Amino acid sequence: WNLFFDRELRTFVCLCWFPFNMLSFAFFFIFVSDNLAENKMNLVELWSKIPLRLPVQAPKRTKAFRIIQREDTLNGLFEIAKNNYQKRKMERSQHKIGTSIGASGSGKTTILCIARDELIRMARERAAAFQGEEEYKDFVFSLENSISLSINFKSGDRLSEIETRSHHISSILGSRIYAHIQGKTLEQEVIPNSQIDSLRCSAVMDYLGKVVKQIAPEPTRVRALILLIDECQLLPYGEDYLHQFVSQIGGLMFTENNNASSATLNNFYVIPIICGTIRDSALNNIGALTGLTPITLPTPIFTEDSIKQILLSEKG
């Protein structure tokens with residue numbers, strides 16, 4: 001105790017401790033600054049990556065059976081595309097979103113597999129559905145030169161441990177769109193974990209617009225972004241998480257103030273289709289969640305005669 005209260009000893013300890021504290025603070029500051037600079041550099045590097053070609057994706061079909069008894073489904077798909085093209089500059093409620101929900105094995109994923117090809121086919125065959133030849137040609141061009149992104153929460157796009165643990169959903173759609181633009185999935189670590197939170201939909205759409213300007217033919221013309229979302233029932237934490245995710249789709253197309261979003265500003269219109277093996281009631285209020293008008297794409301279970309017809313056509 002006498003040593004502790006000795007003035008000279010206290011002075012000596014303070015003089016020794018002060019430089020150590022300063023060195024510790026300097027090391028911490030340099031370490032944090034280097035990490036911040038590295039994160040900033042990574043984000044700049046992220047946006048500088050321009051793919052060699054625009055993504056045209058669809059889920060893979062295990063067996064390419066002939067499509068029968070899906071006329072209503074395909075007509076609904078075409079109506080969404082035509083409506084969202086013609087009303088791309090109108091208010092949010094004028095735009096439509098397609099939903100296909102129901103029992104497993106009813107053919108929901110198959111519709112996503114053929115969506116882009118069938119839209120192009122129907123557009124080419126339905127010139128009479130448009131007011132003039134110029135509008136018709138522009139619509140066909142928008143589909144023939146469309147970007148198609150397939151997001152599957154069962155394979156490739158399942159939520160990471162960080163996303164699941166943090167309940168952080170604001171970047172789930174944007175991060176996956178960015179990964180698919182690169183021709184990869186999020187599981188292939190195309191995006192550093194420190195950057196995922198930066199990938200909001202508006203930023204990603206600006207990036208996609210940059211990609212189009214650099215590598216697409218006739219980049220100033222309007223083109224479709226076909227957004228195919230499958231296995232949405234695998235989003236965790238029940239319907240609340242699903243509802244938050246669905247609301248991002250509306251945000252992709254319009255801002256909160258109902259102004260034109262970066263999708264419109266970058267000459268895109270969006271054709272959103274969401275599928276999953278969930279209860280009908282889970283998406284009853286999808287219109288309120290997104291501000292869009294929902295359109296049901298029916299996929300009724302095939303009858304025994306329908307199955308025989310498919311198998312006979314396959315043998316033929």
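## Helix α4

The buried residues of α4 pack against α2 (71-86), α3 (108-125), β3 and β4. Contact means heavy atoms within 4.5 Å, and buried means under 20% relative accessible area with a 1.4 Å probe, protein chains only. Those buried residues are Tyr136, Phe139, Val140, Phe141, Ser142 and Leu143. Helices (H or I, at least four residues) and strands (E, at least two) are DSSP runs, numbered from the N terminus.

Helix α4 covers residues 133-144; at 1.5 Å a residue its 12 residues should span 16 Å, and the end C-alpha atoms are 16 Å apart, which agrees. The expected span is 1.5 Å times one less than the number of residues.

## Basis of the model

The model is predicted: local features need pLDDT of at least 70 and side-chain atom pairs count only at pLDDT 80 or more, while totals for chains, interfaces and linings use all residues. Residues are numbered from 1 along each chain as its sequence is written, and side-chain values use heavy atoms, with hydrogens and water left out.

## Nonpolar cores

A nonpolar core is a set of buried Ala, Val, Leu, Ile, Met, Phe, Trp, Tyr and Cys residues joined through side-chain atoms within 4.5 Å. The largest has 49 residues, and Ile177, Ile191, Leu225 and Leu227 have the most contacts inside it. Apart from this core lies another of 28 residues, among them Val140, Leu143, Ala224 and Cys275.

Not counting residues up to four places away in sequence, Leu227 touches residues including Leu149, Ile177 and Val270.

## Gly102

Gly102 lies in the loop between β1 (96-101) and α3. Gly102 and Gly276 are 174 residues apart in sequence and 6.9 Å apart in space, C-alpha to C-alpha.

Notes
Buried means under 20% relative accessible area, exposed over 50%, partly exposed in between (1.4 Å probe, protein chains only).
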